[in-house]
Amino acid sequence: MPDDTLRRISDSPLNAEARLSRLTTPITRVEDFYIRSNFPTPTLDAASYALEVIGPGGDRRTLSLDEVRALAPAVTERVTFECAGNGRTLLDPQPPGTAWTLGGTGTASFTGVPLRALFPSGPGDAVEYLFTGADRGRAEGWGEVRFQRSLPVEVAEESPGPLLAWAMNDAPLPREHGAPLRLVVPGWYAVASVKWLTSIEALRAPFEGYFQTDRYLYVGRDGGSAPVRHIRPRALALVIGGAPLEAGGAALPTAERPLELAAGRHTVEGIAWSGKAAIARVEVSLDDGATWTPARLGEPGRPGEPGRPGVRTPWSLEIEARPGAYTLVARATDEAGETQPLASWWNALGYGNNEAQRVPLRVG
């Protein structure tokens with residue numbers, strides 16, 4: 001992995017985040033797309049691949065990759081992924097877990113068949129679908145576990161619904177992104193999009209595995225918890241006056257090392273997204289949130305493509321920078337009325353931290 005593409009956070013399991021300046025395009029190149037792994041990356045052979053499917057009545061069948069492809073006409077969906085732990089390093093104190101700054105996101109086009117094509121007669125008396133990946137490892141208090149997550153059966157009927165995807169950006173899925181087959185769940189934090197699928201099962205009772213009931217929960221200071229599901233709204237400034245903001249380490253501007261700009265007019269470019277609803281507006285402040293100016297929203301993807309949940313929307317704003325020190329703040333509001341908070345909501349596992357981005361500036 002070249003040093004100028006992803007910023008490596010850990011080697012085993014492999015975790016690496018995007019550099020923010022690489023996220024300006026409607027589609028993130030595969031080499032710039034962040035990588036999230038909970039366990040060592042498995043290797044599955046597409047030619048001998050077999051997906052076990054257990055239906056609502058307990059009936060079992062095994063499908064090859066070609067048989068999965070033949071379930072329904074293929075569809076391609078543009079989806080913005082975000083790791084649930086994105087922004088964890090901004091929490092104080094920082095919770096345990098992978099040390100994501102703001103680069104745990106990317107937008108790709110995924111090709112596959114709708115999940116509902118796997119169960120054409122519907123879910124029957126099932127309440128959830130369980131997805132099992134080939135990756136496995138040890139979890140404290142649980143011994144060896146496989147990566148497993150479940151979804152309520154009604155999610156399969158959403159539009160656009162989950163995909164069983166074999167292609168990413170018009171090419172076969174790369175190994176680190178779930179080859180040869182993965183789940184893609186638009187609008188949900190990427191933990192729901194199980195990679196390296198080996199089985200799908202219709203369940204009559206909610207799943208209670210490690211990654212469902214021990215991890216990927218919002219656990220507050222009072223001990224109460226709620227499941228991590230839809231992506232919370234977020235706006236990111238990516239480039240200011242032609243100067244890129246890089247995710248990770250010393251490259252992010254800080255109060256001690258602000259982004260240096262010459263006095264004059266500059267363009268702030270960024271992206272915004274939300275899982276539950278399309279982006280309604282992005283606002284930018286140059287006085288740390290005292291006053292706000294609306295940014296101009298661009299096309300979410302292809303020309304004429306309407307905004308929708310789970311897809312990044314570009315935004316830009318012309319600012320007049322006068323000499324002095326400033327804090328640029330960007331926040332998004334979606335069409336459901338949810339706005340990014342100006343302060344983080346601390347939770348014990350560090351998920352879903354979508355506090356408004358702050359960029360210290362020094363104008364000379």
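Reply: Two residues are in contact when they have heavy atoms within 4.5 Å of each other. In this predicted model, residues 24 or more positions apart account for 71% of the contacts with a separation of 6 or more. The secondary structure comprises two helices and 24 strands. For 364 residues, a compact globule would have a radius of gyration near 21 Å, and the protein agrees with this because its own value is 21 Å. The C-alpha trace spans about 70 × 45 × 40 Å along its principal axes.

We may now turn to the interior. Of the 364 residues, 56% count as buried. In soluble globular proteins, nonpolar side chains tend to be buried together. Here the largest nonpolar core has 81 residues. The residues with the most contacts inside this core are Phe-131, Leu-164, Leu-181, Leu-197, Ile-200, Ile-240 and Trp-315. Strand S15, residues 234-240, supplies the largest share of the core, namely six residues.

Beyond its neighbours within four places in sequence, Leu-181 is in contact with residues including Tyr-49, Leu-51, Leu-65 and Val-68. Its partners also include Leu-164, Trp-166, Leu-173 and Leu-197, as well as Lys-195. Another core, of 15 residues, lies apart from the largest one; among its members are Tyr-34, Phe-81, Ala-165 and Val-184.

The protein exposes about 15,000 Å², of which carbon and sulfur atoms supply 50%.

Definitions and conventions. Residues numbered from 1 in each chain as written. Predicted model: local features only at pLDDT ≥ 70, side-chain atom pairs only at ≥ 80, totals over all residues. Heavy atoms only, no water. Helix = DSSP H or I, 4+ residues; strand = E, 2+ residues; numbered from the N terminus. Rg over C-alpha atoms; globule rule 2.2 N^0.38 Å. Buried < 20%, exposed > 50% of the residue type's maximum accessible area, 1.4 Å probe, protein only. Areas by Shrake-Rupley, 256 points an atom, 1.4 Å probe, with all protein chains shown as cover. Core = buried A, V, L, I, M, F, W, Y, C linked by side-chain atoms within 4.5 Å.
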